Amino acid sequence: MTIKDQRPVLAITMGDAAGCGPEIIVKALADDRVYQISRPLVFGDQQRLQQAAGIVNSKLTIRKAGGIAAGVYRPGVVDVLDFANIPAGLPFGQVDARAGDAAFRYVEAAVQAALRHEVTAIVTAPLNKEALHKGGHHFPGHTEILAQLSNTADYAMMLAGDALRVIHVTTHVSMRQAAELITKERVLRIIKLADRTLRLLGLEQPRIAVAGFNAHAGENGLFGREDIDEIAPAVEAACREGIAATGPVPPDTVFFRAVSRKEFDIVVVMYHDQGHIPIKLLGFDNGINVTVGLPFLRTSVDHGTAFDIAGSGVADSSSMYAAIEFAARLANGVRNSDKR
């Protein structure tokens, strides 16, 4: 009797071909540990990956897979669903509409495969927003693409590093708009998403800090009402549902308490830079991005296309490996929770 392979299938999208994506994918998949925990399948361009393997002096075999079930998924081999949509002479480090359109096509196909339950999770290499727009796809980034393609309205961005995890109430909006979007209902949804995601990682009772929005968490309304009128009621509602939430915690101390004192497992942050700055300060090379709330799992590197070094072979693959490892852990958490 054949034993069913329990390793999750991960769709790894190649990102912008003019950026560092092909290189960091090849480097990450050279690590045999990837194949112990997952079956990685690259949605991309075989020729470009072969070029990247040459650039980083890799001996990996870049193998065209005829379909998801046709991958060999073993060390030394990179299985690729080849879209063959990158010209051989495409330069590295330059904005190109062809690369932007191709990056979108990889994500689009990966989402379709995830919705059909053919892959367990999606791991994305970086795309370039300007190239994406020039290619005819007007999205702020990966998160919004994934949400629209999966018809998801309730989602959030989570960043994770070795020392800190954060999850965002708002992301790619102005500070003025962020203040308008911080509502009790929205904050409570994000707290619940944080709790569910950490439980998938094996935490039985995640400790969630909810950062304030204003200086000193509003100083009892002196510096703004958002903390009193919206954030505090959301925290209280979460606690009534059995979630271990604390807040609003003044944003100038919450990260110290989470990292140095280890009081919290994750911090719910109110806007983009409130979460991105501490994560990137503590671990720029190994941070990852997780989109929570989608009907499938998605992780990503927490950096851009690195056009300044793309094609040189020096791009660090630590974040890509971390994204793959995190996706596999989440996938195993989902499988175990389904058994209960």
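1. The charged end of Arg48 sits over the ring of Phe92, at 3.8 Å from the ring centre. A charge is taken to sit over a ring when NZ of Lys or CZ of Arg is within 6 Å of the ring centre and within 35 degrees of the ring normal.

2. On the basis of this note: the model is predicted, so local features need pLDDT of at least 70 and side-chain atom pairs count only at pLDDT 80 or more, while totals for chains, interfaces and linings use all residues. Residues are numbered from 1 along each chain as its sequence is written, and side-chain values use heavy atoms, with hydrogens and water left out.

3. The sheet is open and is formed by twelve strands in the order β3-β4-β2-β1-β5-β12-β11-β6-β7-β10-β8-β9, with mixed pairing. Its edge strands are β3 and β9 (244–249), each of which pairs on one side only. From one strand to the next the twist averages 25°. Strands (E, at least two residues) and helices (H or I, at least four) are DSSP runs, numbered from the N terminus. Two strands pair if DSSP finds at least two bridges between them. Axes are lines fitted to C-alpha atoms, for helices over the stretch in contact, and angles run from 0 to 180 degrees between N-to-C directions.

4. Within that sheet, strand β1 (residues 9–13) and β2 run parallel and are joined by five bridges. Ala11 stands opposite Leu41 in β2.

5. Helix α1 (residues 21–28) is mostly covered, with seven of its eight residues buried. The buried residues of α1 are Gly21, Pro22, Glu23, Ile24, Ile25, Val26 and Ala28. Here buried means under 20% relative accessible area, exposed means over 50%, and partly exposed lies in between (1.4 Å probe, protein chains only).

6. The count of salt bridges comes to 16, a salt bridge being a side-chain nitrogen of Lys or Arg within 4 Å of a carboxyl oxygen of Asp or Glu. One of them joins Arg63 and Asp79, whose closest N and O atoms are 2.8 Å apart. This pair links distant parts of the chain, since Arg63 belongs to strand β3 (residues 61–64) and Asp79 to strand β4 (residues 77–82), 16 residues apart. Arg63 is partly exposed, with a relative accessible area of 27%, whereas Asp79 is buried at 0%.

7. A salt bridge also forms between Glu130 and Lys134, with the closest N and O atoms 3.6 Å apart. Both residues lie in helix α5 (residues 129–134), where being four residues apart separates them by about one helical turn. An α-helix has 3.6 residues a turn, so residues three or four places apart point the same way. Glu130 is partly exposed at 45% relative accessibility, and Lys134 is exposed at 53%.

8. Another salt bridge links Glu263 with Arg261, the closest N and O atoms being 3.8 Å apart. Glu263 is partly exposed, with a relative accessible area of 26%, while Arg261 counts as exposed at 53% relative accessibility. Asp5, Arg7 and Arg39 are linked in a network of salt bridges.

9. Aromatic pairs number four. Rings of Phe, Tyr and Trp (its six-membered ring) pair if their centres lie within 6.5 Å; planes under 30 degrees apart count as stacked, over 60 as edge-to-face and the rest as tilted. The rings of Phe43 and Phe83 have centres 6.4 Å apart and planes at 40°, so this pair is tilted. Phe43 lies in strand β2 (residues 39–44) and Phe83 in the loop between β4 and α4 (97–115), so the pair ties together parts that are 40 residues apart in sequence. Phe43 is buried at 2% relative accessibility, and Phe83 is partly exposed, with a relative accessible area of 29%.

10. The rings of Phe213 and Tyr271 have centres 5.9 Å apart and planes at 90°, so this pair is edge-to-face. Distant parts of the chain are linked here: Phe213 is in the loop between β8 (207–211) and α9 (226–240), and Tyr271 is in the loop between β10 (266–269) and α11 (272–283), 58 residues apart. Phe213 is buried, with a relative accessible area of 12%. Elsewhere, ring pairs link Phe43, Phe83 and Tyr106 into a cluster.

11. The structure holds zero disulfides, a disulfide being a pair of cysteine sulfur atoms within 2.5 Å. Cys20 is buried, with a relative accessible area of 1%, and Cys239 is partly exposed at 36% relative accessibility.
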